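Dear colleague,

I am passing on the structure below, and my notes on the ligand and the sheet follow it. Please read them with the model open beside you.

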Amino acid sequence: MKKMISDRVAETKPSITLAITAKAKEMVKSGEDVVGFGAGEPDFDTPEFIKEGAIQAIKDGHTKYTPATGILELRELICEKLKNDNGLSYTPDQILVNSGAKHSLSTAFQSILNEGDEVLVPVPYWVSYPEIVRIAGGIPVFVETKEEDDFKLTGEAFEKSITDKTKAIYINSPSNPVGAIYSIEELKVIADIAVKHQIYVVSDEIYEKLIYDGDEHVSIASLNEDIKKLTIVVNGMSKSHAMTGWRLGYTAANPEVAKAMGTIQGHAVSHPSSITQYAGIAALKCPECVLDGMLSEYDSRRKYCIERLDEIEELSYIYPKGAFYVFINVSWLFGKKYRGTLIKGSMDFANLILDNEKVALVPGVAFGADKFVRISYATSMEEIGKGIDRIEKFIKEVE
Ligand SMILES: Cc1ncc(COP(=O)(O)O)c(C=O)c1O
């Protein structure tokens, strides 16, 4: 019989993060007091001057098609940003503006993968990474990392996973869900292996600006010309500029890959919304206008979160150095019961705590790490306090 839906979709899982968030939103709608630790989204509003940029664009009639790769002025500003922040030299024809970083990733993989090519995905991974590869016809190959390495990929694990079909590897620093940051030395090891085997590095740098404790972000592409040629730098405005809904991401790549990506984008969506691109121009014209207030607030929340979690006996977590998540190990509760219900894994934990204590968090199984759950501290201090009180109460009832 003729298959009416593609095999690729059949193999693709819907996002667990979005499912939990939707369930929590439904509960809020029906009047329940849910603490939202689920969403990977800044709770700040988009800064006013960025909104003004978009409003002005509408008034000025910038409401028509733009070049498929994005408005030249925006691509020039992205080049300037990459130069100033990351020490990377690109020309505007190497930049592609996309509808969010998720779209950047999918366009990247559609441009480089042939059917059956393998892509290495260090575990834990951001939920969409394997599915984006599958949709593009590739095969995600999971690479185990260790808790004691903050779940960062080592050269040894990388090299062991390479086959003659390996086409690319994901690197995400700062990382979601862990909040880990790769040091320059760690990146050098990965870069050398990628160059030796001619493997693309898809470097997701979306949390670049959310770094604490004086740590610094290094783009793997900045290490040398060889790795730069193989790297597709992915970044965007969602997290750094509190612009999730605007859908603005971008990539920087070698001219051949950039051209291929432009061709795909031209046929898929033409280009991101012109209004959004003008908002991006306003944002990048004033890099110093955005972040400081948000960053110090995230940092205070992070410290408060850690302080409170430290008070809960037996609970351990990966110390978060970047992004806005804490990845908490709850595996010591598995095999025990909460009000008579057995907790078998992170999904049970997440469902039970949402239904009973009204705390929405994401089960680690969504990231390939079932021993953990992820909380997002992109919410108010008051909500963080309330949420951790409830987690503590939940844990006390487990027996
Ligand atoms: C690691 C990572 N990459 C990419 C994205 C996608 O960002 P965007 O909203 O720009 O599509 C997210 C969003 O949660 C993310 O966590």
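**Ligand surroundings and sheet**

The ligand is surrounded by 13 residues, of which the closest are Ala 101, Asn 176, Asp 204, Lys 239 and Arg 247, a residue being counted when one of its heavy atoms lies within 4 Å of the molecule. This is a predicted model, in which local features need pLDDT of at least 70 and side-chain atom pairs count only at pLDDT 80 or more, while totals for chains, interfaces and linings use all residues. Residues are numbered from 1 along each chain as its sequence is written, and side-chain values use heavy atoms, with hydrogens and water left out.

Among the polar contacts (pairs of N or O atoms within 3.5 Å), an oxygen atom of the ligand lies 2.7 Å from a side-chain N or O atom of Asn 176, and an oxygen atom of the ligand is likewise 2.7 Å from an N or O atom in the side chain of Lys 239. The protein covers 92% of the 390 Å² of accessible area that the ligand has on its own (Shrake-Rupley method, 1.4 Å probe).

Strand E3 (residues 118–123) pairs with E4 in the parallel sense over six bridges, and Glu 118 stands opposite Ile 139 in E4.

With regards

How values were computed
Two strands pair if DSSP finds at least two bridges between them. Helices (H or I, at least four residues) and strands (E, at least two) are DSSP runs, numbered from the N terminus. A polar contact is a pair of N or O atoms within 3.5 Å; within protein, one must be able to donate a hydrogen and the other to accept it, and residues adjacent in sequence count only if both atoms are side-chain atoms.
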